[in-house]
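User: I am new to this structure and would like to understand the terms used to describe it. Please show it to me first.

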Amino acid sequence: MMAPRAFGGALSRFARFYPRPRVDQTFKYPVAAGVCFKSSSPVQISHLDHLVLTVKNVARTTDFYSSVLGMQVITFKGNRKALGFGRQKFNLHEVGKEFEPKAKSPTPGSADLCLVTETPLATVAAHLKACGVALEEGPVERSGAVGPITSVYFRDPDNNLIEVSNYLK
């Protein structure tokens, strides 16, 4: 959780670059924590299509995510690799061999991702153990994008923090 002082600083930087719109052009976007930002932007993002993970070893990463989390390994544009799940995917870039355009400082192990599953977390934890993946924390209750979640945390081969969650019903 972000410290109140740091959060306030982030809000003031946000306000500096995105001044309050006139009342007649305001859109409100609720946030899970009860905070509501106002925006005059005509752009409304509907969902995430893909995210790029920079990894040390593409084969090791695809093996981990397919066997541990059941993701589908996708090959596209020649021999590029991605991990598909639901209606989105993680594109994989090997460190030092990234595709352009890329992040300014692509770094393995810098991601902190929350993935949602319908699989009970007891089953997830048992499968992680069977795969030799150590739980770092959990199950613990957290706040998800659209409500409360229960989560377990572990690391992938690049030390990215992976959170797997169930929404509370």
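User: In the hairpin of β9 and β10, which residue takes a positive phi?

Analyst: In that hairpin Asn159 takes a positive phi near 75°, and 5 residues lie between the strands. The model is a predicted one, in which local features need pLDDT of at least 70, side-chain atom pairs count only at pLDDT 80 or more, and totals for chains, interfaces and linings use all residues. Residues are numbered from 1 along each chain as its sequence is written, and side-chain values use heavy atoms, with hydrogens and water left out.

User: Why is β9 called mostly covered?

Analyst: A residue is buried at under 20% relative accessible area, exposed at over 50% and partly exposed in between (1.4 Å probe, protein chains only). In β9 (residues 148–155), 6 of the 8 residues are buried, and β9 is therefore described as mostly covered.

User: Why is Cys114 called partly exposed?

Analyst: Cys114 has a relative accessible area of 40%, which lies between 20% and 50%, so it is partly exposed. Cys114 is found in strand β7 (residues 112–116).

User: Which residues does Cys114 touch?

Analyst: Contact means heavy atoms within 4.5 Å. Leaving aside residues up to four places away in sequence, Cys114 touches Ile149, Glu163 and Ser165. The C-alpha atoms of Cys114 and Val164 are separated by 5.8 Å, although these residues are 50 apart along the chain.

User: What makes β3 and β4 edge strands?

Analyst: They belong to an open sheet of 4 strands in the order β3-β6-β5-β4, with mixed pairing. Strands β3 (50–55) and β4 (72–76) each pair on one side only, and these are the edge strands. β3 pairs with β6 (residues 88–94) in the parallel sense over 6 bridges, and Val52 stands opposite Asn91 in β6.

Notes:
Helix = DSSP H or I, 4+ residues; strand = E, 2+ residues; numbered from the N terminus. Pairing = 2+ DSSP bridges.
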